[in-house]
Amino acid sequence: ESLRGTAASSCTEPVNEQWLLGGATTLCVSTTLSLANPGKVPATVQIAIYDENGPVDAVQTSGVLVAPGEEQIVSLNGYAPERERLAVQVVSTGAPVSATLGVGEVSGIRPFAVSLVTRQLEPATTLVVPGVTNVNTDTHEHTDNVVENDEFPVAVRAFAPGGENATATVMAIDKNGNSTDLGEIVLTANGEGELIDTHWPEAANAVVIEADVPVVAGVRGSSFTGSAHDYEWFAPAPTLQADTPVVVPVVGGGKLVVANIGAADANIEYTAVGGKSRATVVPSGASVVVNAAATSLLTSSAPVSAGVRYLSGADIAGYPVLPADSRDGSLTV
């Protein structure tokens, strides 16, 4: 009853290992971990939590039993209180599970924001986060080429699961292929790093993170209108392979955001189920926003990443477009 805002996440296939990044357990912020087991046997889930200083005491991260066809919700405020940043590793045995983070924040006694965080499967040296934006209805003052900073700045967090010291560079891209360098995140061994961008480029709608070691990451964008505020922890989107149709679920009022960081332009076609096909070009190094039907089939001539963003007044939410698991590989018995 004390919260307001809009939250959304991708439907995900259950897996045995996944990462979630976002939220906090500081005063006025509540972060929960939801574990769902759609299988027919119990799942035993081990939770490992990392913060800005490294791993949380392993004694606090015991196993959680999730019965078949049920969901368990775990308060991370109890596992790791007073943490400013959270990176969570979820490893299940017995049955794979689906996991999300739920974040709720109040400012004093006023509702401030809600968010749902979609999981990531594997760390990577290059991550693309489509859909990121930061909207403030208050006009920034421009005086002598000086721009007023955002009242609620974009935050970019990264974590290197390998435990190495590392550096990650962060940039924002727009529909024309223009990029803006946002800065660097310095990662210490097993600690989660953060970059605060004081002024978001208004035309940008995606973030690209390049690291010298594999990382997982998350980006927080906000919407602020009058006295109402909301934010979303956007998760990186996996690469959608060229010439491979992918079903895109677009929530009502949402927009499809397609990012292309490859060397060649991408010709994308999105077809509504039972409807007409539409096409556009995503230039190399660009991220474009298109109006796609609620259920569309997306095909691209080059590898791209995509996400869905919902933005309405002081409500913001987003989630990555996830391809179906190819289930390639071998099994040794």
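Hi everyone. Let me start with a term: two strands count as a pair if DSSP finds at least two bridges between them. Strands themselves, like helices, are DSSP runs numbered from the N terminus, with at least two residues (E) for a strand and at least four (H or I) for a helix.

Now, what are we looking at? This is a predicted model, where local features need pLDDT of at least 70, side-chain atom pairs count only at pLDDT 80 or more, and totals for chains, interfaces and linings use all residues. Residues are numbered from 1 along each chain as its sequence is written, and side-chain values use heavy atoms, leaving out hydrogens and water.

First, the whole protein. Its secondary structure comes to 1 helix and 27 strands. The radius of gyration, taken over C-alpha atoms, is 19 Å, close to the 20 Å that the globule rule gives for 333 residues, so the protein is as compact as a globular protein of that length. That rule is 2.2 Å times the number of residues to the power 0.38. Of the 333 residues, 49% count as buried, meaning under 20% relative accessible area with a 1.4 Å probe, protein chains only.

Strand β21, residues 254-260, pairs with β24 over 5 bridges in the antiparallel sense, and N260 stands opposite A286 in β24.

Now the pockets. A pocket is an open set of points on a 1 Å grid over the protein atoms alone, where a 1.4 Å probe fits, with protein on both sides within 12 Å along at least five of seven lines; lining residues have an atom within 4 Å of a point. Volume is the space filled by probe spheres set on the points, which are joined across faces, edges and corners.

The largest pocket holds about 1000 Å³ of space. Of its 33 lining residues, the closest to the centre are R119, L121, E122, P238 and P323. Strand β10 (residues 124-130) gives the most to this lining, with 4 residues.

And the second largest pocket? How much space lies there? About 260 Å³. It has 17 lining residues, and V29, E105, R157, R220 and Y231 are the closest to its centre. The largest share of that lining, 3 residues, comes from β19.

Key
Buried means under 20% relative accessible area, exposed over 50%, partly exposed in between (1.4 Å probe, protein chains only).
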